Amino acid sequence: MEFIYILNLAGIVVFAISGALTASDYKMDAFGSVVIAFITALGGGTIRDLLLDYHPIGWVADPNYLYAVLVAVALSYLFKRWIASLRRTMFLFDTIGIGLFAVLGTEKTLGLDMHMIIAIMMGVVSAVFGGVLRDVLIGRVPLIFRKEIYATACLAGVVLYVVLLQFNIPSYLTLIIPILMIMVIRLLAVKYEWSLPGIK
Amino acid sequence: MEFIYILNLAGIVVFAISGALTASDYKMDAFGSVVIAFITALGGGTIRDLLLDYHPIGWVADPNYLYAVLVAVALSYLFKRWIASLRRTMFLFDTIGIGLFAVLGTEKTLGLDMHMIIAIMMGVVSAVFGGVLRDVLIGRVPLIFRKEIYATACLAGVVLYVVLLQFNIPSYLTLIIPILMIMVIRLLAVKYEWSLPGIK
Amino acid sequence: MEFIYILNLAGIVVFAISGALTASDYKMDAFGSVVIAFITALGGGTIRDLLLDYHPIGWVADPNYLYAVLVAVALSYLFKRWIASLRRTMFLFDTIGIGLFAVLGTEKTLGLDMHMIIAIMMGVVSAVFGGVLRDVLIGRVPLIFRKEIYATACLAGVVLYVVLLQFNIPSYLTLIIPILMIMVIRLLAVKYEWSLPGIK
């Protein structure tokens, strides 16, 4: 549990840094950077908790999530050039974060005795809606609706997670295998420019 | 009740199809289509339930609402051309759906012992905020703020509904008369291009 | 308390008028004006209450808030020219409203036994997120992320409020001093065109 908590905080830091960098691309000031970083990192989980009426929401109960966002924004200001040079590493961490958020979101929802399809949906919401809110706030059509296949990767991952839960597998494997699958799909998708079809 | 439940599901299918067609106009992929269809069909009721602290939210408690959205998106993919040729029929169903969502939203709010003005407002929110959310997500200014008079039609309908409740009228008439009124106003408004004035 | 309640309603009227004027700049109709006025005036508090799971939300429990919005929109329609000529007075009231909403938002959150950093954050959310929602709905990037320093003024004010609470000061001073500080910072910021740096 301890380990997952720390991984979760790390995921928040990475998402928040990516939010802060986006804010700087859009020439926002420090306040805007904090808001966008916060929403990128914590928006998906917040929407999930509101929809499920799960209170207090994670970051309301535990300010460490907020501190993680503030630290991330400070790092983005102090080491912008260095972080920009780490785009590949950042992308890798971002992919880990997405997988983690997706699987943990589904796990949390199942723990509330919700229907399986709600749990699958909430896993995807946890992972991708922070980015959707970010895009709406900076005034662009959410990227995820157009190009990136990572919502689909999350969906595949959380479905696999729900399937694995039916078997007698050690719980750490049940968590790790879907996260790895989400990572692999996303990395392959970016490499080979996979995309979903739309309605013709 | 059974009949209203089925009508409600039918309304969701129609709204979701219109959402999926909009998503395809904006060249979104399958994931985007599902999200936009979901939000168009269920967004208004979700906002109402969140504001009233009514949990579990309809579709969280009853996955049939989600299945209705998925079926609608599948239909949009499979029969796009045929559905497009049915624009008039679709528009009629859409108008029925709006009237139904408005009146049922007001009825639900009154059932929670809320003030009448809140119930009226929630009827309008139920019917139109799905479309507002859809427009925000695809990056256009909500249509409803500019041209279509249908929010006003909903308002008139739910006010009539609240008035009819004061009289000793069979409950199915109390439901149907306002829905018919919303339909008639909207159809006339579209035919004669009525619009509300703004601040000059 | 009575006095704060009336001040709060006055703040809502001013925010709602500014929302209605913005709606008219964007050529919205009467329905759009009411929605934008409502969201400008009550959106920040609504988001705060949803995040804190505080129900019923202020305006759900007390329709006077809704009436204040409707009165404000009616005034905007009837006296548009006169109100436009009062821009300076409006700006002053707007600044009072922001200070008031920020401090009262923090006070309310502390009353729910929340962590101090959550209370500070909720003060800022109460004061500025109505404007953020308004900007998103009318399709522009929230102003506050780019230019105006008033989020920072709110932050400074609510931090001062939390500090003053630690001392043995009459409660009306604890409220008024931070509100004055928010007003002074904002007025100076506008006069001297202060702005926050972004990430270079």
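This is a predicted model: local features need pLDDT of at least 70, side-chain atom pairs count only at pLDDT 80 or more; totals for chains, interfaces and linings use all residues.
Figure 1. A disulfide is a covalent bond that joins the sulfur atoms of two cysteines. When the whole structure is searched, zero disulfides are found over all chains.

**Figure 2. Helix 1 of chain A and the residue K27(A).** Helix 1 of chain A runs over residues 2–25 and comprises 24 residues. From its first C-alpha to its last, helix 1 reaches 35 Å, close to the 34 Å expected at 1.5 Å a residue. Just after this helix, K27(A) adopts a positive phi of about 55°.

**Figure 3. The interface of chain A and chain C.** In this interface, 30 residues of chain A are in contact with 27 residues of chain C. The two chains bury about 2,300 Å² between them, and 76% of this area is on carbon and sulfur atoms. Of the area that chain A buries against chain C, 26% comes from D29(A), F31(A) and L137(A), more than from any other three residues.

**Figure 4. Helices of chain A on the side that touches chain C.** Between chain A and chain C there are zero salt bridges. At least two residues of the side of chain A that touches chain C are supplied by each of helix 1, helix 2 (30–52), helix 3 (58–61), helix 4 (64–78) and helix 7 (116–137) of chain A. Helix 2 of chain A gives the most to this side, with nine residues.

Technical notes
Residues are numbered from 1 along each chain as its sequence is written. Chains are lettered from A and ligands numbered from 1 in the order in which they are written. Side-chain values use heavy atoms; hydrogens and water are left out. Helices (H or I, at least four residues) and strands (E, at least two) are DSSP runs, numbered from the N terminus. The expected span of a helix is 1.5 Å times one less than its number of residues. A disulfide is a pair of cysteine sulfur atoms within 2.5 Å. Contact means heavy atoms within 4.5 Å. Buried area is the accessible area (1.4 Å probe) that two parts lose on being put together, summed over both. A salt bridge is a side-chain nitrogen of Lys or Arg within 4 Å of a carboxyl oxygen of Asp or Glu.
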